[in-house]
Amino acid sequence: MSDWSKALSRFQAAGAGTDTTSGNRGLQIEEPLIFEQGAEGRTGVDLPAPPAAADRLGGLARKGAIGLPGLSEPQVVRHYTRLSQKNFAIDSGLYPLGSCTMKHNPRLNERMARLPGFGDLHPLQPQATIQGALELMDQLAHWLKTLTGMPAVALSPAAGAHGELCGIMTIRAALEARGDMRQRILVPESAHGTNPATAAACGYAVESIPANARGRVDLEALKAKLDSGVAAIMLTNPNTCGLFESEIVEIAEAVHKAGAFFYCDGANFNAIVGRVRPADLGIDCMHINLHKTFSTPHGGGGPGSGPVVLAESLAPYAPLPWVVHGPDGFRLVEEADAASGTAGTIGRLKGFHGQMGMFVRALAYMMSHGGDGLRQVAEDAVLNANYLMAGLGDVLTASFEGPCMHEALFDDRFLKDTGVTTLDFAKAMIDEGYHPMTMYFPLVVHGALLMEPTETESKDSLDQFIAVIRALAERTRQPGAAEWFHEAPRYTPRRRLDETAAARKPQLRWRPPAVTQQAAE
Amino acid sequence: MRYLPLTEADRRDMLAAIGAPSVDALFRDVPEVARRKDGLDLPPHQGELEVERALSAMAAKNVAAGSVPFFLGGGAYRHHVPAAVDHLIQRGEFLTSYTPYQPEVTQGTLQYLFEFQTQVALLTGMDVANASLYDGATATAEAVTMANRVTGRRRSVLSGSLHPHYREVVETLARFVGFRVDSQPLDPAGSEDLAALVDGETSCVVVQNPDFFGRVRDLRPLAEACHAKGALLVVVVTEIVSLGALTSPGEMGADIVAAEGQSIGNGLNFGGPYVGLFATRDRFVRQMPGRLVGQTVDAEGRRGWVLTLSTREQHIRREKATSNICTNSGLCTLAFTIHLSLLGEAGLTQLAAINHAKAAKLADRLAAIPGVTVLNDTFFNEFTVRLPRPAAGIVDALAARPIIAGVPVSRFASGHDDLLVLAVTETVTDADMDALVTALEESLR
């Protein structure tokens with residue numbers, strides 16, 4: 001076989017189902033793995049020869065090859081450019097992933113995070129050389145404390161779930177400090193899966209609280225479970241049904257009366273920022289996902305950043321490090337010591353000081369919006385979600401009566417007897433140019449469809465989205481609908497992928513063809 | 001307010017469509033006591049120019065690492081990142097995409113994560129790797145809890161030459177999750193006998209290589225001692241470039257490798273975001289925390305990728321989950337995988353050789369200064385020196401010149417005031433070394 005036919009045959013398996021020779025379809029191009037296009041000795045960097053020096057590797061120099069492929073710079077640029085073209089992104093369209101909050105990521109934030117004075121700083125530099133960085137952390141803390149009404153904040157948690165861990169640890173430390181060894185944490189059924197996982201990781205037994213018919217925590221059921229064995233309740237507010245917990249003040253009172261703490265999952269803070277201060281609701285502790293409320297990019301699933309605001313009673317237990325302000329400027333406290341009031345700390349949660357790059361982006365976003373604009377953020381996020389609910393409420397089935405907050409929850413009753421599943425419906429949305437909403441979550445409603453437009457969608461984009469979803473919903477009632485929906489998506493780089501096969505016999509890395517062959521034999 | 005598209009007219013029309021008299025009415029479930037009528041005491045919105053000016057002023061108060069001779073390591077390393085890396089990760093389709101929950105429209109993210117998993121497995125010499133954790137320190141803590149799950153034991157031994165911050169992160173988790181950690185005292189002399197501490201109750205031994213003081217050592221005897229007692233060997237790597245020159249942890253018998261990937265593709269960023277690498281053996285894969293991408297086929301039989309084995313994860317198992325982790329370091333893994341693709345086998349081994357040779361050169365020059373002793377006889381690109389005076393004062397004096405000299409060990413623990421750990425990467429020039437040597441000689445005079 002000639003070299004050119006070999007080069008082509010590499011794509012042909014991938015090209016099944018297309019009528020092009022190559023498997024490509026216009027701008028949609030089949031792209032092999034980097035391991036399948038490298039050549040020995042090729043590289044995408046030009047490095048000088050190392051200076052002459054005696055080897056100090058102590059006889060542990062690597063002997064065999066690592067097995068990394070060699071690619072030139074143009075090959076690498078083309079490879080990742082082509083991969084990027086197989087991704088949906090908020091830059092390319094409406095991404096109504098409820099509870100995940102995909103909003104516009106301003107590029108100013110990127111530029112600011114890349115200033116050498118922020119991006120090119122080492123976490124262990126002498127403190128005199130990082131005064132601006134500590135000032136930025138102090139500023140961010142000020143904004144977060146003002147917006148939440150809480151007196152203290154721990155910046156170091158690396159993500160929302162890491163913030164939960166931090167919060168529950170401070171609660172346990174506070175209880176231990178008063179000699180109160182409580183064993184249980186109450187978590188509503190509708191909670192993010194991280195909530196019960198966090199509580200269990202911290203050694204607590206998890207008890208579920210049911211939702212009432214209005215999609216809120218059942219206050220009576222909660223009260224019935226509250227006693228001196230309960231360490232905390234973990235509640236999301238606005239909750240994952242997109243609703244504000246209207247009895248939250250009563251919940252806080254009941255929790256405090258039982259001597260327990262009130263942890264709030266702040267993933268949905270964007271719905272109330274600037275309008276409601278969590279401290280005024282009686283919350284003791286809450287993490288804030290900077291990527292959700294303050295738009296730091298969560299490219300491909302991370303990085304995140306999950307600062308935790310703390311009430312006075314929990315503040316002494318905050319994790320290290322702390323930024324303090326003294327006569328000589330800012331100082332980073334990294335060791336527990338009585339002089340700086342850090343003796344009660346739960347310790348360190350992350351290698352260094354937290355997600356500094358995300359702090360810069362979040363502060364840039366806050367400053368751009370200002371106190372006035374952040375209030376508008378919450379109002380527009382809520383307005384957009386309610387507009388979706390009003391626009392779709394007669395064709396889809398809203399799970400609960402509105403108004404909703406920043407996200408609208410529907411269930412799958414509208415699909416009853418159509419043979420179309422929630423998943424089918426979502427895949428059909430993909431063909432229409434939309435990323436699907438969050439599906440099958442929260443678990444409290446059957447076949448959930450949770451849609452979050454966010455404040456950065458225009459009315460035009462929502463009108464178009466509503467029209468498309470209405471048309472799709474109507475289509476589910478037409479003859480042959482089940483087959484049609486089940487075939488979706490048709491126009492994506494890949495059709496539906498076999499997730500069961502992937503889990504049954506996991507292939508988690510590329511192996512050279514010869515090795516794969518041997519393993520199969 | 002340039003990020004908000006709704007006009008006043010839009011808002012009026014939308015309220016009418018909803019049937020609500022005002023935006024306030026949409027907040028009616030908020031208890032009256034918590035509704036803020038007035039604004040908060042925060043500055044009003046600003047234009048791009050003003051924000052840029054204010055933040056640039058703050059940035060200017062810092063000394064950027066690249067602007068001075070720079071020799072700091074200790075778990076974060078300044079390497080040159082090719083321009084193509086930052087260009088590619090800023091493509092909107094990568095930057096503004098989320099967790100790849102819908103595989104049909106996230107094949108780009110899924111494929112690069114699969115490539116990343118493969119690269120990490122190859123580098124560490126392990127069978128499989130996950131799609132990243134927060135950073136090296138949290139990955140180490142996850143490695144210990146995984147070892148506890150695998151062995152059914154709850155006592156782990158941490159080497160005294162493990163990065164002190166890593167040790168603290170494991171200790172924090174141990175206190176709240178409820179397992180025992182025997183942390184060995186700081187070990188600048190390299191005299192600890194970890195094998196002797198392994199018993200039938202030990203779930204794992206955690207050892208760093210190259211270690212916090214820069215030493216490189218053969219871990220094979222320790223691996224054998226661990227395995228003989230049914231314990232796992234967790235190897236921590238804070239400088240991943242070292243694996244371009246050194247025998248991999250996998251070849252030395254590691255069961256789990258927890259590493260910091262910042263050195264490849266990612267800037268210093270004042271400590272984060274970084275990228276935690278995590279790799280293990282095939283037989284432990286279902287106990288591995290974090291996200292995993294697997295290969296599969298689509299409805300037409302074409303190769304594709306999906307998130308897989310999520311039954312271990314919080315959204316399925318809730319209180320029985322392997323960990324509570326939800327986020328990975330997607331963009332940082334992308335930077336890592338692009339940079340490593342640019343380097344390739346030839347580039348990475350060459351880069352490692354340059355780092356090593358430059359460090360050797362500086363070690364020799366420092367050793368020639370009267371009163372200065374180089375502690376290590378083995379190292380990769382980082383080593384420890386003993387100074388005749390407390391290192392912290394010297395570092396501060398040099399910072400004023402300005403030279404960022406290294407990290408004084410006293411920053412982490414008392415009792416080792418005269419020790420300084422220095423790192424040398426390809427970014428260090430001969431002139432930088434001259435400046436350091438001259439300044440150090442002068443300050444010791």
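Where in chain A is the place of A:Tyr440? A:Tyr440 sits in the loop between S12 and S13 of chain A. Helices (H or I, at least four residues) and strands (E, at least two) are DSSP runs here, numbered from the N terminus. The phi of A:Tyr440 is near 55°, a positive value in a residue other than glycine. A:Pro442 lies in the loop between strand S12 (438-439) and strand S13 (449-451) of chain A. The peptide bond from A:Phe441 to A:Pro442 is cis, with omega near 0°. Most residues other than glycine have a negative phi, and most peptide bonds are trans.

This is a predicted model, in which local features need pLDDT of at least 70 and side-chain atom pairs count only at pLDDT 80 or more, while totals for chains, interfaces and linings use all residues. Residues are numbered from 1 along each chain as its sequence is written, chains are lettered from A and ligands numbered from 1 in the order in which they are written, and side-chain values use heavy atoms, with hydrogens and water left out.

Chain B also has a cis bond to a proline. The peptide bond from B:Asn209 to B:Pro210 is cis, with omega near -10°. B:Pro210 lies in the loop between strand S4 (202-208) and helix H9 (220-228) of chain B.

Now to the domains of chain A. The assignment gives domain 1 (108-366) and domain 2 (371-492); such bounds come from an automatic or database domain assignment. Taken over C-alpha atoms, the centres of domain 1 of chain A and domain 2 of chain A are separated by 30 Å. Their contact (heavy atoms within 4.5 Å) takes 28 residues from domain 1 of chain A and 22 residues from domain 2 of chain A. About 1,900 Å² is buried between domain 1 of chain A and domain 2 of chain A, and carbon and sulfur atoms give 64% of that area. Buried area is the accessible area (1.4 Å probe) that two parts lose on being put together, summed over both. In domain 1 of chain A, A:Cys241, A:Asn270 and A:Arg275 lose the most area to domain 2 of chain A, together 25% of what that side buries.

A:Arg275 returns in the polar pairing. Across the interface of domain 1 of chain A and domain 2 of chain A there is 1 salt bridge, a term for a side-chain nitrogen of Lys or Arg within 4 Å of a carboxyl oxygen of Asp or Glu. The side chains of A:Arg275 and A:Glu379 meet in a salt bridge (2.7 Å, N to O). The interface of domain 1 of chain A and domain 2 of chain A also has 6 residue pairs in polar contact (both at pLDDT 80 or more). A polar contact is a pair of N or O atoms within 3.5 Å; within protein, one must be able to donate a hydrogen and the other to accept it, and residues adjacent in sequence count only if both atoms are side-chain atoms. By class, the side of domain 1 of chain A that touches domain 2 of chain A has 15 nonpolar, 10 polar and 3 charged residues. Ala, Val, Leu, Ile, Met, Phe, Trp, Tyr, Cys and Pro count as nonpolar, Asp, Glu, Lys and Arg as charged, and the others, Gly among them, as polar.

Chain B is assigned domain 1 (83-339) and domain 2 (345-444). The C-alpha centres of domain 1 of chain B and domain 2 of chain B lie 28 Å apart. Here 18 residues of domain 1 of chain B are in contact with 20 residues of domain 2 of chain B. The area buried between domain 1 of chain B and domain 2 of chain B is about 1,500 Å², with 73% from carbon and sulfur atoms. B:Phe212, B:Phe213 and B:Val241 supply 29% of the area that domain 1 of chain B buries against domain 2 of chain B, more than any other three residues. Between domain 1 of chain B and domain 2 of chain B there are 0 salt bridges.

Last, the two chains together. In all, 195 residues of chain B are in contact with 208 residues of chain A. About 17,200 Å² is buried between chain B and chain A, 62% of it from carbon and sulfur atoms. The count between chain B and chain A is 16 salt bridges. A:Glu334 forms a salt bridge with B:Arg411, the closest N and O atoms being 2.6 Å apart. Helix H11 (residues 330-367) of chain B gives the largest share of the side of chain B that touches chain A, 27 residues.
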